[in-house]
Amino acid sequence: MSIVTVSTTPFSGQKPGTSGLRKKVKVFSQPGYLENFVQCIFDSLSGHQGKTLVLGGDGRYFNDVAIQTILRMSAAAGFGRVLVGCNGILSTPAASAVIRKQQAFGGIILSASHNPGGPDDDFGIKYNMGNGGPANETFTDAVYKRTQEITAYRTSESPDIDLGRIGDTRIGDMLISVIDPVADYAELLESLFDFERIAGLLARPEFRMRFDAMHAVNGPYGRAILEGRLGAPAGTVVNGIPLPDFGGGHPDPNPVYAAELVSALADPDSGLSFGAASDGDGDRNMIVGRNFIVSPSDSIAIIAANYKLVPAYAKGLAGVARSMPTSCALDRVAAELGISCYETPTGWKYFGNLLDAGKATLCGEESAGTGSNHVREKDGLWAVLFWLNILAVRDEPVEQIVREHWRHFGRNVYSRHDYEGIETAKADRLVNELRQKLPSLAGMESNGLRVEAADDFCYTDPVDGSRSEKQGIRVLLENGSRMVFRLSGTGTEGATLRVYLERYVADPSLHAIPTQDALKPLIEFAETVARISEITGRTSPDVIS
Ligand code: G16
């Protein structure tokens, strides 16, 4: 093998977003584009020579090509060994589990998560550190800086590696181990939950479950864990074969893109009592009961409230954490348990320090992410197993568990309205105008609601003191209601405006009011404050979740 140095020039816009660099495949497949970014990751590391790198992705279009490129570049960068998932597959939480278990130096995960895949759609890449979690902002800032000044990348001249067979091979001095992508992860999950009890639940004839893998990475994981280790009937996992274009679907487990699952659970003839889904790279989840969708913000609160039912957590929770736009339902549970609830900016990377420092055990995000200190990523199947464990012990339907939770803690009625593909200039104008208005918002009234305070969320990490500014505009209303406005950091086309709406309702007799009806006064207030339709020309959101 010989190492070659290839001259290059910087590409603009290689700035990592909420979770790594995400662009259209057409952008990523330009000669040198992927190579530049990977070289900048390697240039920003130190001490990796001779160490182990974990590599894999969600199987989307371009995954196979990118893996071969990265393997050649890893050898040139001096890594001693690369652990790569068979056929290039590793879900995001499984990659995190492998990095931790195998004590790797770090990992590269190829995914654009819930974004669609295919030649005209999205691809992505992110670097995870030795703790198994997404690189922090200091690192991603360093990578971005490097992308603006790169002049050459290094690769090795060697043929493609056969990734279809488990076993070892080499590029020069670097060992490549093609690994079973499921084994380490499945073993970890088995150590956390009461598998015997869950298996008992899945064996009951009156309990029928469907797991929709959305033709994404969790198909093989779902089959191995739910149907294999837990004995769920064959066919429990649907859309279980990962496809490069996710079968033409949008692998985002929400009521719009997982509509098939939602309607199956709403159909009494289906006989289904529990439904779940996960996204492109297997870190997001959706939990559905009979004709009842659990909102992600409620899901993390209910998981926290039921921690005693799950073996690995029964000893107690150190603390919990949620991203700022996630509803405050979790805060209410934390208050009752007498533990801290941390509020972080959007992005799983912000939970890393809290988990590493032992300050938080469970974390959750409104964007369908739930997880714990078992890995350093959110984990779709972990959330599904947590719910199954709760159901196995409580022996009550999902809806009853949620309603009882609301009766006890009150209900944080919550919804997110997404306006997708807005012209960037218009989205920026909307946010800038909101920022300018912040000092004058306190005291503003509409529909009987009154603004108590408003700010642009700024986070100081309690572990290392680092500050992250401009993380979303919060408008806090009296009686625990809130509106939050922020632009998505994961899209690849135009801008997506996210409006997060929350109202606290203590009175159980009002819990049955449909979510959008209960939030109507807030929805109107958000329009008055942000002038969404006037500035963007949009009169209704594209996705309501
Ligand atoms: C990523 C991050 C999450 C974040 C989400 C939403 O998720 O890992 O922590 O909540 O993006 O980001 P945004 O609102 O900026 O689009 P994923 O599943 O895309 O990796």
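**Entry 1. Ground rules.**
I number residues from 1 along each chain as its sequence is written, and I use heavy atoms for side-chain values, with hydrogens and water left out. Since the model is predicted, local features need pLDDT of at least 70 and side-chain atom pairs count only at pLDDT 80 or more, while totals for chains, interfaces and linings use all residues.

**Entry 2. The ligand.**
I looked up which residues come nearest to the ligand. There are 19 residues around the ligand, and E365, R486, G489, T490 and R498 come nearest. Here a residue is near a molecule or strand if one of its heavy atoms lies within 4 Å of it. By class, I noted 1 nonpolar, 10 polar and 8 charged residues in the shell. The classes are these: Ala, Val, Leu, Ile, Met, Phe, Trp, Tyr, Cys and Pro are nonpolar, Asp, Glu, Lys and Arg are charged, and the others, Gly among them, are polar.

A polar side-chain atom of R22 is 2.8 Å from a ligand oxygen. For R498, an N or O atom in the side chain is 2.7 Å from an oxygen atom of the ligand. The protein covers 99% of the 470 Å² of accessible area that the ligand has on its own. Accessible areas come from the Shrake-Rupley method with a 1.4 Å probe, and for residues only the protein chains shown count as cover.

Where does the ligand sit? I find the ligand in the largest cavity. A cavity is a set of points, on a 1 Å grid over the protein atoms alone, where a 1.4 Å probe fits but cannot get out. A molecule sits in a cavity or pocket if more than half of its atoms lie within 2 Å of its grid points.

**Entry 3. Helix α4.**
Helices (H or I, at least four residues) and strands (E, at least two) are DSSP runs, numbered from the N terminus. Buried means under 20% relative accessible area, exposed over 50%, and partly exposed in between (1.4 Å probe, protein chains only). The buried residues of α4 are T92, P93, A94, A95, S96, A97, V98 and I99. At the start of α4, a side-chain oxygen of S91 comes to within 3.0 Å of the backbone nitrogen of A94. Just after α4, I noted a positive phi of about 50° at Q103.

**Entry 4. Helix α10.**
Helix α10 (residues 296-305) is mostly covered, with 8 of its 10 residues buried. The buried residues include S297, D298 and S299.

**Entry 5. Positive phi.**
Most residues other than glycine have a negative phi. N291 has a positive phi near 55° and lies in the loop between β13 (285-289) and β14 (292-294). Is N291 buried or exposed? N291 counts as exposed, at 56% relative accessibility. R531, not a glycine, has a positive phi of about 50°. R531 lies in the loop between α17 (520-530) and α18 (532-536) and is partly exposed, with a relative accessible area of 22%.

D58 is in the loop between β3 (52-57) and α3 (63-77) and is buried, at 1% relative accessible area. The side chain of D58 makes a polar contact of 2.8 Å with the side chain of S111. S156 belongs to strand β7 (residues 152-157) and is buried, at 2% relative accessible area. A polar side-chain atom of S156 is 2.7 Å from the backbone oxygen of R72.

**Entry 6. C-alpha distances.**
S372 in strand β18 (residues 369-372) is buried at 0% relative accessibility. Its C-alpha is 9.0 Å from that of V320, 52 residues apart along the chain. F485, in strand β25 (residues 482-487), is buried at 2%. F485 and V543 are 58 residues apart in sequence and 15 Å apart, C-alpha to C-alpha.

Definitions and conventions. Polar contact = N/O pair within 3.5 Å; in protein donor to acceptor, adjacent residues only side chain to side chain. 1 Å grid on protein atoms, 1.4 Å probe; cavity = no way out; pocket = protein on both sides within 12 Å on 5 of 7 lines; lining within 4 Å.
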